[in-house]
Amino acid sequence: METLMAKGKAGESNPYTGLGLDESGNWLPGSPRVLSLLSSFLERSVRGNEKLLAGSKIKDVITIFHGSRAPSLNLRQYVERIFKYCKCSNSCFVVAVIYIDRFLQRIDAYLTSLSVHRLLITSVMVAAKFMDDQHYNNAYYAKVGGISREEMNRLEMRFLFDLDFQLNVTTEVFNKYWLMIQQEGGLETQTALQTQAYCLKKDESGRGRRLTGVHRGRAL
């Protein structure tokens with residue numbers, strides 16, 4: 001992931017410890033904190049969006065990513081399951097958030113408890129295919145995600161077409177979203193601020209984020 005993550009200045013503590021990286025860019029053993037941060041970040045986004053939708057006349061866009069009810073696994077359990085079995089690089093979880101935000105911006109939708117699980121498994125799979133040298137196939141991801149291979153294929157194709165196959169992520173965009181996940185997900189302010197020098201001041205689209213609990217435009 002050195003192509004995405006900028007190097008800090010000499011003497012600066014490592015802002016990517018939460019991603020499971022040491023000062024030299026090597027992966028650290030154990031469960032990276034990005035998993036808990038991502039879970040909290042997505043949960044906050046879902047709660048905020050559902051509160052907004054319930055208290056307004058706004059109608060959400062219904063997609064093939066929506067289920068009739070929320071899955072039995074909560075987001076923390078689902079994220080940890082993906083990490084345990086899919087073995088993608090830790091940075092794929094940040095890239096997955098970027099893809100989800102792009103998707104929601106393009107179709108003008110909100111992230112809710114009915115769509116977040118399918119969007120997450122799909123976005124992580126797409127990120128792993130695009131970024132990692134080795135990755136599992138759709139059938140494997142489908143099993144991990146608790147859906148059929150046929151549905152996994154449909155979700156992937158819809159996701160890619162709605163993204164217009166725009167999968168490239170710049171270093172600046174990656175670092176901006178990593179900072180947002182740390183801040184919204186609950187990482188200590190000091191560690192988050194250390195990353196701020198790398199981050200963009202504005203949202204990627206300039207229209208407000210859809211993946212944060214702070215509702216500016218449509219929040220994710």
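**Contacts along the chain.** I started with contacts in this predicted model. Among contacts in the protein chain with a separation of 6 or more, 77% join residues 24 or more positions apart.

**Elements.** Next I listed the secondary structure. I found eight helices and zero strands in the protein chain, so the order from the N terminus reads α-α-α-α-α-α-α-α.

**Burial and surface.** How many of the 220 residues count as buried? I read off 51%.

**The largest nonpolar core.** I then turned to the inside. Nonpolar side chains tend to be buried together in soluble globular proteins. Here the largest nonpolar core holds 54 residues. Ile-82, Phe-93, Tyr-99, Leu-120 and Tyr-141 touch the most other members. Helices H1 (34-54), H2 (75-86), H3 (91-107), H4 (116-131), H5 (138-145), H6 (149-162) and H7 (171-185) each give two or more residues to this core. Which helix gives the most? My note says H3, with 12 residues.

**A look at Ile-82.** I picked Ile-82 and set aside its neighbours within four places in sequence. Ile-82 is then in contact with Lys-87, Phe-93, Leu-120, Ile-121, Val-124 and Val-144.

**A look at H3.** Why do I call H3 largely enclosed by the rest of the structure? Because 16 of its 17 residues are buried. From first C-alpha to last, H3 reaches 25 Å, close to the 24 Å expected at 1.5 Å a residue.

Technical notes: Residues are numbered from 1 along each chain as its sequence is written. This is a predicted model: local features need pLDDT of at least 70, side-chain atom pairs count only at pLDDT 80 or more; totals for chains, interfaces and linings use all residues. Side-chain values use heavy atoms; hydrogens and water are left out. A nonpolar core is a set of buried Ala, Val, Leu, Ile, Met, Phe, Trp, Tyr and Cys residues joined through side-chain atoms within 4.5 Å. Buried means under 20% relative accessible area, exposed over 50%, partly exposed in between (1.4 Å probe, protein chains only). Helices (H or I, at least four residues) and strands (E, at least two) are DSSP runs, numbered from the N terminus. Contact means heavy atoms within 4.5 Å. The expected span of a helix is 1.5 Å times one less than its number of residues.
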